[in-house]
Amino acid sequence: MIEDLSVGQQQRVELLKALYRKAELLILDEPTAVLTPQEVEEFFAILRRMREQSKTVVIITHKLSEVLAISDNVTVMRDGRVVGNVKTGETDAAALARMMVGREVLLRVEKPPAKPGATALSVRGLSITGRDGARRLDNVSFEVRGGEIVGVAGVEGNGQTELIEALAGLLPESQVSGSIAFGGRDIRALDARRRREAGIAHVPEDRHRRGLLLDFSLAENTILGVHYRPPAVSGAGSVLLNEPAIRHRAELVIREFDVRPPNPALPARALSGGNQQKLIIGREFELPPLLLLISQPTRGVDIGAIEFIHRKIVALRDSGCAVLLVSAELEEVTALADRVLVLHNGRIAGEVDPAAVTHEQIGLLMTGGHA
Amino acid sequence: MTRLRELLFPLIAVLCAFAVGALVVLFIGDSPIETYRLLLGSAFSWPDGIGYTLFFATPLIFTGLAVAVALRGGLLNIGAEGQLYIAAFATAWVGITLSNLPSALLIPLCCLAGIAAGAAWAAIPGILKARFGSHEVINTIMLNFIAVALVGYLTQYHYRTAGDPIMESAPISAAAHIPRLGQFVPGLPARIPLNAAFLLALLSCWLVYVLLWKTKWGYEIRATGQNPSAAEYGGVSIRKEIVLTMAISGALAGMVGINEVMGYRYRYYDGFSDNYGFTGIAVALLGRNHPVGVIAAALLFAVLQRGGVPVDAFTQLVSKDIVLILQALVILFVAAEAMFRRGRRGQGAGGRI
């Protein structure tokens, strides 16, 4: 059945279908999101062959490198308007980014060398079984130290989601085996609330499903997870919500993380994806965390906000926080992380130094080969 | 602005219902103006109109609140009808059994018995959902039948006065009676059954408002209703919230028994509920699941209920069934508007991503 295939394979089936029907015009919306670098290359080769057969391909993507690699003409859109139309040969990444955001953008992450401290998170022999009985994570062991960013690379659906949810305390204990130690103590028995109290912040991969209460105000969203304890509550028994304190926190998050429009009374639904993401990140950073679990931090976020979020993550690391970063964007992982774990089929296929490895080598590990 | 719109939509729904209702009356062959004058006019006469309208509104406020709280928590409680029967019987049972106690003890005990019984009866589908994932709609509906049969059995075989031809319990102790408002309000005769439970209903509205919007518990209930995954992420136990929300909902529905048993009939009267539990769903929907909206919607439905009788008596052709038609139309327009909003919201969200 088609549902038994991986998302990447499903993608290829979808493409095959279009090719088989002798499509003259192919419109692709973020087609490479679930592909490894090698697969992207193969895929681009197919597209180039189609171009030679005088077919038309429209590719919608947020990855500048892909635009430059595959296209002949680029149209840049911002806020639903076309802001520019250029020949690919006559432009470069910086110019495109400028058009997308409307100002100069730093494409490289400025990052001083990490100064790893004591071990914050220690995972030993972690295995996760899904509700359907399938192994999602298989005997995974690793450590994250304070002051370092450990990146997790891998094609989506290779256990990253489950790994983060297990660490955040969102999976039933029966599905998880192995040990998870935080700050030297076993946290397997702690629920999500207790883990957050211990200092574990979590920026979930899906902000609409997990991260936000879309119909709640920004202010109410900035206390999710800490809503039951001071300063969010006050008075006898800590029952009544402390509205001035909540508003104060919201204003702080909005100011520090440049959430726009800066109105704490707006529903979270009214914000753009980038601003929603900044709100969540701001909320979690204000905890303040000793360990940050952050998944797909910049998915569906405009390039200006990406730069901002990356700087914030590095700053958090430099303040001594341990960061476990999962991203489907290989460039993001290698740019931010100090060490990279590659997940394939629920196992760690290898650990690499992002400064010394090529995307092709990581890509090979992502598909189960050896670097 | 959003507040105003919240108010505007239900108002439009009601006006549309009355407009279509007028067409129905015209079609039957009577004057809509005359019919509506009878329907609405009688509800505002003093003291009978207003007294009875408020009395009729009391159980609807309780059940409307019950449904509203559950909906805020993401649960559809169709079982308010069963919960209020069980609760009313429990209230009467305490009033009969502990008849030696003085008022100062008996009144709170009777109230608590009803509240606890309603909460417990509603907690059953809550626990079933939390533990086994079985849907609360199915279970609350089925528990309605069980509740009605159970209290019917108890009344018939255990608590009926020998020789009484009516399906009703023995009277409760006079110490368990709560005062009628006629005792305090000049010009309001004591024969009108409007009683202290109406004040309790208003108090409950305020308490529900504070609970939902001013406390951490309400935050968790609303968070669970809005997005259970996000609530779970925020450290809220979804299972606990489901049971808690159902229990609060059932407790509110259970307070209907206080109005009925302690303030009106002074005994348990089998089959007393005029579909209060089900009308409560319409009240909550029209009232936008907000306590203030619930009061307004309950008053509207009470006015209709009260106005049906004069319509029946004084028009040529229209019967009091026009009330049912109007109620149905209101619900229809409220539902249509909800669909309209959902459609628009979906588009809006899609456009912004």
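**Domains and sheet of chain A**

Chain A is divided into two parts, domain 1 (2–101) and domain 2 (119–199 + 289–366). Please bear in mind that this is a predicted model. Taken over C-alpha atoms, the centres of domain 1 and domain 2 of chain A are separated by 29 Å. To their contact, domain 1 of chain A contributes 11 residues and domain 2 of chain A contributes 12 residues.

Which helices supply the side of domain 1 of chain A that touches domain 2 of chain A? At least two residues each come from helix H1 (7–20), helix H2 (37–52) and helix H4 (93–101) of chain A. H4(A) provides the largest share, with 3 residues.

In chain A, 6 strands form an open sheet with mixed pairing, in the order E10-E13-E14-E7-E15-E16. At its edges are strand E10 (200–203) and strand E16 (347–352) of chain A, each pairing on one side only. On average, neighbouring strands of the sheet are turned by 20 degrees against each other, direction ignored.

Within this sheet, strands E13 (residues 291–295) and E14 (residues 322–326) of chain A run parallel and are joined by 5 bridges. Ile294(A), for its part, has Leu325(A) in E14(A) as its bridge partner.

Finally, the helices. Helix H5 (residues 160–168) of chain A lies across E7, E10, E13, E14 and E15 of chain A, at about 150 degrees to E13(A). Helix H10 (residues 273–285) of chain A also packs on the sheet, where it touches E10 and E13 of chain A. The direction of H10 makes about 175 degrees with that of E10(A).

Notes: Residues numbered from 1 in each chain as written. Chains lettered and ligands numbered in written order. Predicted model: local features only at pLDDT ≥ 70, side-chain atom pairs only at ≥ 80, totals over all residues. Domains from an automatic or database assignment. Contact = placed C-beta atoms within 7 Å. Helix = DSSP H or I, 4+ residues; strand = E, 2+ residues; numbered from the N terminus. Pairing = 2+ DSSP bridges. Axes fitted to C-alpha atoms, helices over the stretch in contact; angles between N-to-C directions.
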